[in-house]
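Here is a short tour of one protein model, written to be read alongside the sequence and the 3D view. Keep both open as you go.

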Amino acid sequence: MSSPDTVAGEGLGAVLGTIARTLQAEPDVDTTLTAIVTAAVNQVTGTDCAGISLIERGKIRTVAPTDDVVTAIDEVQYRTGQGPCVDAIAEHQIFRTGDLTAETRWPAFTPAATATGMRSMLAYRLFVSDTTLGSLNLYSRSVDAFSDQTERDGHVFASHAAIALTAAQTEAELQVALEHRDDIGMAKGILMELHGIDPVQAFRMLVESSQHTNMKLHKIAAWVVEHHRELQPAVAPTETRHRR
């Protein structure tokens, strides 16, 4: 026979799973992020506030915080390179602390964190396959706010949340690509002609340039097209003289 704690845990897991699946119906990335942290605060026992540390082009930033203290604590983690969310992302594990005042794992982080009044933290890596999106971070002003069962239930929720976030990001990228498909198509054509490559290789060049420069793909494409146009007046007269 299941104990009351087990039954309660199974109930929470089912609720979080249902909520997480509905996240995929959210219309955009920002709405999905807000829905994730709101559900976490409302449903995960002991959680006073939550936020997401999102990886974007090699940098981490806090999004959808439910309280300003979330941003303040996260900034300390990013600055010191220490803390539950930083380790959850780097080490691909769940990190929990029940009392920050007695925590010894992050000496550069904990003094500033405890000054905010927070005592417990729980951080989950958000990932799909081998791609790490960031971390879901839960905060509490109570000591030992998160139990072993809560940690397990939250892990299920975080897994669903990562899938929903990936779907929203993909949809957003496709929308942007559609809106700028002319520039992207022209840029691919220019690169194909200049470098003697196929469409797939040309698109890969655009993507790699986007990653290396921290610029959006469509902006890279627009730059290629504009730069090519600027060169044309200077190149055309030379080509004309060679033909004579």
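## A covered helix

Contact here means heavy atoms within 4.5 Å. Helices (H or I, at least four residues) and strands (E, at least two) are DSSP runs, numbered from the N terminus.

A word on the model: it is predicted, so local features need pLDDT of at least 70 and side-chain atom pairs count only at pLDDT 80 or more, while totals for chains, interfaces and linings use all residues. Residues are numbered from 1 along each chain as its sequence is written, and side-chain values use heavy atoms, with hydrogens and water left out.

## The overall layout

Stepping back, the protein has 9 helices and 5 strands. Read from the N terminus, its elements follow the order α-α-β-β-α-α-β-α-β-β-α-α-α-α. Of its 244 residues, 38% count as buried. Among contacts between residues at least 6 apart in sequence, 58% join residues at least 24 apart.

The accessible surface comes to about 13,300 Å², and 53% of it belongs to carbon and sulfur atoms. Accessible areas come from the Shrake-Rupley method with a 1.4 Å probe; for residues, only the protein chains shown count as cover.

Why is β4 described as largely enclosed by the rest of the structure? The reason is that 7 of its 9 residues are buried. Two strands pair if DSSP finds at least two bridges between them. β3 and β4 run antiparallel and are joined by 3 bridges, with R96 standing opposite L122 in β4.

β4 also pairs with β5, again in the antiparallel sense, over 9 bridges. One of the facing pairs is M121 with Y139 in β5. These two strands form a hairpin with 2 residues between them, and S129 in the turn has a positive phi of about 55°.

## Two nonpolar cores

A nonpolar core is a set of buried Ala, Val, Leu, Ile, Met, Phe, Trp, Tyr and Cys residues joined through side-chain atoms within 4.5 Å. The largest one has 25 residues, of which I52, L126, L136 and L138 touch the most other members. At least two residues of this core come from each of α2 (29-43), β1, β4, β5 and α6 (148-179). A second, separate core holds 18 residues, including C49, V70, A88 and A123.

What does I52 touch, leaving aside residues up to four places away in sequence? Its contacts are L33, I36, V37, R61, T62, V63, L126, S135, L136 and N137.

## Rings and a charge

Rings of Phe, Tyr and Trp (its six-membered ring) pair if their centres lie within 6.5 Å; planes under 30 degrees apart count as stacked, over 60 as edge-to-face and the rest as tilted. By this rule the count comes to 2 aromatic pairs.

Elsewhere, the charged end of R125 sits over the ring of F127, 3.9 Å from its centre. The rule for this asks that NZ of Lys or CZ of Arg is within 6 Å of the ring centre and within 35 degrees of the ring normal.

H92 lies in the loop between α4 and β3. Its phi is near 60°, a positive value in a residue other than glycine, and H92 is partly exposed at 45% relative accessible area. D144, in the loop between β5 and α6, has a positive phi near 55° and counts as exposed at 58% relative accessibility.

M215 sits in the loop between α8 (199-213) and α9 (217-243) and is partly exposed, with a relative accessible area of 33%. Not counting residues up to four places away in sequence, M215 touches R57, S210 and I220. M215 and R57 are 158 residues apart along the chain, yet their C-alpha atoms are separated by 8.9 Å.

Methods: Buried means under 20% relative accessible area, exposed over 50%, partly exposed in between (1.4 Å probe, protein chains only).
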